[in-house]
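Subject: Structure for your files

Hello,

Here is the structure I said I would send. Please look it over first; my notes on what was found follow below it.

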Amino acid sequence: MDPLTKFREFWPRERVFDFLVPEIPPDLDINHGVILYLEDISVSFDGFKAINNLNLYVDAGELRCIIGPNGAGKTTMMDIITGKTQPDTGMAWFGQNINLLKCTEPEIARAGIGRKFQKPTVFEAHNVFDNLELAMAGDKGIMPTLFSKLSGEKRDRIKSTLELVGLKDEAKLVAGSLSHGQKQWLEIGMLLMQNPMLLLVDEPVAGMTRQEMERTAELLTSLAGQRSIIVVEHDMDFVRSIARKVTVLHQGSILAEGSMDEVQNNDKVKQVYLGV
Ligand code: ADP
Ligand code: MG
């Protein structure tokens, strides 16, 4: 079954957030069920191999957690996926047909890869609703041009996103007055307005309260299935609460991959990362 049909089955029409199911960009081919292929990627900075023959495959709709000690190459890996860093060798494909190494950063964003940096970058002086409106993809985005003309529908889309990220009651507050956790959710909402098929999230729960962490876990879990999400995170409790498949990165390569239990019981992982 093709992934879109799979998504539609999982998220039937009646679901509240149905129209938040991303339109698959017409030129993105994920018929084989894989949304991201990184093969034999290496990159050196001044002779130091930050990424070393990295192979990573992420399925359409998957929620993947990446863990690994500082300097393991996690951020560099995201830089390569988003076109910020060009690798020395290897291949990087978005679906079957989009060669990421041939795309610029804006082209990659337009093709459907969204990235959330660690520090929230919301428009502090604007209210929450306006932040989402500002973030909405224009007619060059994934949403059809027609859609952006329907202001009522546009408003509904913003409202649904507000509900999804838990900021319905804060819509009229200026973003600068939100708590740290709420700003993080707003930024996730802003990314969703651009309809990414693959969302990269770097350390989403750093600085969050326990309660905010739980809500973030719910949010990311609810987004997976419709889209693919790669989460880099240090907080083990958080990773455990959302993880299906975990990839452990070490010295620029994959050290282990599997369920949280599998990787936590892996001897190599214990040695280099968990320190047990
Ligand atoms: P992580 O996110 O897993 O902590 P990074 O990807 O940030 O790791 O870094 C991997 C290694 O590459 C580190 O040793 C870092 O110092 C180095 N590195 C990353 N980016 C650059 C750069 N632009 N120039 C030089 N060294 C870099
Ligand atoms: Mg990092």
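Which residue in β8 is the bridge partner of Leu-198? The partner is Ser-228. Please keep in mind throughout that this is a predicted model.

The sheet

That bridge belongs to the pairing of strand β7 (residues 198–202) with strand β8 (residues 228–232), which is parallel and runs over five bridges. Both strands sit in an open sheet of six strands, with the order β6-β7-β8-β3-β9-β10 and mixed pairing. At the edges are β6 (113–116) and β10 (253–258), each of which pairs on one side only. From one strand to the next, the twist averages 20°.

The helices on the sheet

Helix α7 (residues 180–193) lies across β6 and β7, and it runs at about 165° to β6. Its length holds up against a simple check: 14 residues at 1.5 Å a residue should span 20 Å, and the end C-alpha atoms of α7 are 20 Å apart, so the two agree. The helix is mostly covered, with 13 of its 14 residues buried. Just after α7, Asn-195 has a positive phi of about 55°.

Helix α8 (residues 210–223) lies across β3 (63–67), β7 and β8. Its direction is at about 145° to β8.

Aromatic rings and charges

How many aromatic pairs does a search of the whole structure find? It finds one. The pair is made by Tyr-37 and Tyr-57, whose ring centres are 6.1 Å apart. Their planes are at 90°, and planes over 60 degrees apart count as edge-to-face, so this pair is edge-to-face. Tyr-37 belongs to strand β1 (residues 34–45) and Tyr-57 to strand β2 (residues 48–59), so the pair ties together parts that are 20 residues apart in sequence.

The two tyrosines fall into separate burial classes. Tyr-37 has a relative accessible area of 16% and is therefore buried, the cut-off being under 20%. Tyr-57, at 37% relative accessibility, counts as partly exposed.

Two charged side chains also sit over rings. The charged end of Lys-172 is over the ring of Phe-129, at 5.1 Å from its centre. Arg-215 lies over the face of Trp-185, with 5.1 Å to the ring centre.

Regards

How values were computed:
Residues numbered from 1 in each chain as written. Chains lettered and ligands numbered in written order. Predicted model: local features only at pLDDT ≥ 70, side-chain atom pairs only at ≥ 80, totals over all residues. Heavy atoms only, no water. Pairing = 2+ DSSP bridges. Helix = DSSP H or I, 4+ residues; strand = E, 2+ residues; numbered from the N terminus. Axes fitted to C-alpha atoms, helices over the stretch in contact; angles between N-to-C directions. Contact = heavy atoms within 4.5 Å. Phe/Tyr/Trp six-rings, centres within 6.5 Å; stacked < 30°, edge-to-face > 60°. Buried < 20%, exposed > 50% of the residue type's maximum accessible area, 1.4 Å probe, protein only. Lys NZ or Arg CZ within 6 Å of the ring centre and 35° of its normal. Expected span 1.5 Å × (residues − 1).
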